[in-house]
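Subject: Structure handover

Hi,

Here is the structure I promised you. Please open it next to this email. My notes follow below.

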Amino acid sequence: MNDFVIVTDSSCDLTAEMARDLELTVLPLSFNLAEKEYRNYLDGRELSFQEFYRCIRAGESCTTSAVNVEAFSGAMEPILQSGKDVLCIAFSSGLSNTCNAAQMACKELAAKYPERRVYAVDTLCASLGQGLLIYHAVQQKRGGKNIDEVRDWLEENKLHLCHWFTVEDLNHLKRGGRISATTALIGTMLNIKPVLHVDDEGHLVNVGKARGRRASLTALIDHMEETAIDPASQVVFISHGDSQEDADYVAEQVKSRFGVKTVVTNYVGPVIGAHSGPGTIALFFLGTHR
């Protein structure tokens, strides 16, 4: 019986409209900005994405918090009590404790409700990479696959979900410990932009650099050309740190170079944007490998 609910967290960076259409239950992570705590809802109801990035550009510091075990249990238990199973698709364990909390909640609930199936999948994904993996999982579900089959599909395909991104301001990566202060200073002086991806362990990895913004955006598209599986038939996702014009440029290039028909763009949410900063551009697609 194909009767299960997909639960995830707000690091998926899907639009609120897409989350409703995909029939997801989405738990918000939290962030603390200017000594006030907010929850990262997909619709930005507590703080708009535009206002968040305005504050970051103004120099406000931001810290983030994972979803805890109790929040996952509180969201999933009513679903199990209603007679449905739960498939939780969580933010990369390489970047957050959110997945660990989801797995602990599932283990406790599986013992409490042995007649139900309750699974947690570590996506090893972030932002709209996580969102794109969830999108494909929903298509699998709507195609008639049961919860075990969808879970197995996720485990078999998550390392084909490619994440390529670049940032505008190196100082955000410096604060997060991704690059050294010296690298940030020299890179800023020389207008060097890093090209990064999320690796097979779900960590952010700096894999290259480009001279100037446009070159860094082109590098993302070049990486897609190298590994994308039948790109013309794919749905491609792009997330941005309040940089819609650059996201639109990448979208148009992806369409013209590869014949992609559907490209979805949305903000990098505050939880990830606190670490990547304004101007981040990230490109997500299915490839032969990450």
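Helix α9 passes helix α10 in a right-handed crossing. This is in a predicted model, as is everything below. α9 covers residues 213-227 and α10 covers residues 244-258. The two pack at an angle of about 40 degrees, with their axes 10 Å apart. On the α9 side, the contact is made by Arg213, Arg214, Leu217, Thr218, Ile221, Asp222, Met224 and Glu225. They meet Asp246, Tyr249, Val250, Gln253, Val254, Arg257 and Phe258 of α10. By class, this contact of α9 with α10 has seven nonpolar, two polar and six charged residues.

Next, α3 and α4. α3 runs over residues 69-81, and α4 over residues 98-112. Their axes come within 9 Å and cross at roughly 40 degrees. That angle makes α3 oblique to α4. The crossing of α3 past α4 is right-handed. α3 brings Val69, Phe72, Ser73, Met76, Glu77 and Leu80 to the contact. Among the α4 residues they meet are Ala101, Ala105, Cys106 and Leu109. The contact of α3 with α4 counts 10 nonpolar, two polar and three charged residues.

Two of those α3 residues turn up again in the core. The largest nonpolar core has 38 residues. Val7, Leu33, Phe52, Phe72 and Met76 have the most contacts inside it. Which elements give two or more residues to this core? They are β1 (4-9), β3 (30-33), α2 (49-57), α3, β6 (85-90), α4 and α11 (270-276). α4 gives the most, with six residues. There is also a second, separate core of 36 residues. Ala19, Ile134, Ala137 and Val235 are included in that second core.

Back to Leu33 for a moment. Leaving out residues up to four places away in sequence, Leu33 touches Tyr38, Leu47, Phe52, Cys55, Ile56, Glu60, Ser61 and Cys62.

α5 passes α6 in a right-handed crossing. Leu133, His136, Ala137, Gln140 and Lys141 of α5 make the contact with Val150, Trp153 and Leu154 of α6. These divide into five nonpolar residues, two polar and one charged.

Now some single residues. Is Phe284 buried or exposed? Phe284 counts as buried because its relative accessibility is 2%, and the cut-off is under 20%. Phe284 sits in strand β13 (residues 281-286). Not counting residues up to four places away in sequence, Phe284 touches several residues, including Leu128, Leu132, Leu161, Val236, Phe237 and Ile238. Phe284 and Gly131 are 153 residues apart in sequence, yet 9.4 Å apart in space, C-alpha to C-alpha.

Two backbone angles deserve a look. Most residues other than glycine have a negative phi. Asp13 has a positive phi, near 60 degrees, and is not a glycine. Asp13 lies in the loop between β1 and α1 (16-21). With a relative accessible area of 3%, Asp13 is buried. Leu124 is the other residue on my list. Its phi is positive too, at about 55 degrees, although Leu124 is not a glycine. Leu124 is found in the loop between β7 (118-122) and α5. At 12% relative accessibility, Leu124 is also buried.

Best wishes

Conventions. Residues numbered from 1 in each chain as written. Predicted model: local features only at pLDDT ≥ 70, side-chain atom pairs only at ≥ 80, totals over all residues. Heavy atoms only, no water. Axes fitted to C-alpha atoms, helices over the stretch in contact; angles between N-to-C directions. Helix = DSSP H or I, 4+ residues; strand = E, 2+ residues; numbered from the N terminus. Parallel < 35°, antiparallel > 145°, perpendicular 65-115°, else oblique. Left-handed = near helix turned anticlockwise from the far one by under 90°. Contact = heavy atoms within 4.5 Å. Nonpolar A, V, L, I, M, F, W, Y, C, P; charged D, E, K, R; others polar. Core = buried A, V, L, I, M, F, W, Y, C linked by side-chain atoms within 4.5 Å. Buried < 20%, exposed > 50% of the residue type's maximum accessible area, 1.4 Å probe, protein only.
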